[in-house]
Amino acid sequence: GEIKIDKVGNYKLLPDQDVQDYVTALGQSLIPEYQRQLPANDPRKIPFQFHVVVDDQVNAFATPNGIVVVNSGLMELLDNEAQLAAVVGHEIAHATHEHTWRQQNFHKKSRFGLAIAGALAQAYGMSSLADIANMVNGASVNGHQRDLENQSDRIGLQYMVAAGYDARQAPAVWKLMAQKNGVSS
């Protein structure tokens with residue numbers, strides 16, 4: 001089958017129902033208790049779904065509405081269930097802490113002002129000033145994004161520990177990824 005995620009893309013599902021069920025069960029165990037306790041009709045409840053897709057990239061992601069996608073390439077890299085729990089917990093934390101919304105709205109007016117200033121500077125032949133405005137804007141966005149990633153790392157660890165997984169496996173994931181990408185640890 002295939003999964004279509006609005007504004008994200010279409011993905012071919014891994015055609016192994018046992019793997020899909022396994023990742024869904026693991027993901028469900030990581031959902032924080034407060035989310036599980038919310039009534040189905042509560043607008044704060046995130047209807048989490050978990051999917052493994054055919055993609056060699058070592059990656060996973062979550063959408064704001066709780067769709068968590070794990071690439072088959074990531075599954076092949078990991079050594080154990082606790083490592084997968086570290087990744088899925090991290091992705092769940094992005095959804096529970098509204099990181100997509102927060103990233104889009106971070107200093108929205110300031111970033112818009114910098115973009116306008118950069119465009120005007122470029123239009124008036126001041127490319128150095130335009131470059132500076134663009135660099136400041138980019139640094140602001142990247143710094144905030146790193147903060148959100150760090151928060152997801154911390155919260156994801158809490159989710160995996162609450163579900164009974166060994167948090168010491170989380171750093172092993174990052175080492176495996178670094179080795180895969182040719183970065184020495």
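Visitor: What's the strand order in the open sheet, and what kind of pairing?
Guide: This is a predicted model. Its open sheet of 3 strands runs in the order 3-5-4, and the pairing is mixed.

Visitor: Which strands sit at the edges?
Guide: Strand 3 and strand 4. Each of them pairs on one side only.

Visitor: And the twist, what does it average?
Guide: From one strand to the next, 15° on average.

Visitor: Which helix packs on the sheet, and which strands does it touch?
Guide: Helix 1, residues 17-30. Helix 1 touches strand 3 and strand 5. Its direction makes about 140° with that of strand 3.

Visitor: Back to pairing. In which sense do strand 3 and strand 5 run, parallel or antiparallel?
Guide: Parallel, over 5 bridges. Strand 3 covers residues 49-53. As one of the bridge pairs, Val52 partners Val70 in strand 5.

Visitor: How many bridges join strand 4 to strand 5?
Guide: 3 bridges, and these two strands run antiparallel. Strand 4 spans residues 60-62. Phe61 has Val69 as its bridge partner in strand 5.

Visitor: How many residues lie between strand 4 and strand 5 in the hairpin?
Guide: 4 residues. Gly66, in the turn, has a positive phi of about 90°.

Visitor: Which side chains point which way from strand 5?
Guide: Ile67, Val69 and Asn71 point one way. Val68 and Val70 point the other way. All of these residues are buried.

Visitor: New topic. How many salt bridges are there?
Guide: The count comes to 3.

Visitor: What's the N to O distance for Arg44 and Asp42?
Guide: Their side chains meet at 2.7 Å, N to O.

Visitor: Is Asp42 buried or exposed?
Guide: Asp42 has 13% relative accessibility, so it counts as buried, the cut-off being under 20%. Arg44 is exposed, with a relative accessible area of 57%.

Visitor: What about the Lys4 salt bridge, which residue does Lys4 meet?
Guide: Asp6, at 3.6 Å, N to O. Both Lys4 and Asp6 are exposed.

Visitor: And Asp166, which side chain does it meet?
Guide: Arg168, at 3.0 Å, N to O. Asp166 counts as partly exposed at 28% relative accessibility. Arg168 is exposed, with a relative accessible area of 67%.

Technical notes. Residues numbered from 1 in each chain as written. Predicted model: local features only at pLDDT ≥ 70, side-chain atom pairs only at ≥ 80, totals over all residues. Heavy atoms only, no water. Buried < 20%, exposed > 50% of the residue type's maximum accessible area, 1.4 Å probe, protein only. Pairing = 2+ DSSP bridges. Axes fitted to C-alpha atoms, helices over the stretch in contact; angles between N-to-C directions. Contact = heavy atoms within 4.5 Å. Salt bridge = Lys/Arg side-chain N within 4 Å of Asp/Glu carboxyl O.
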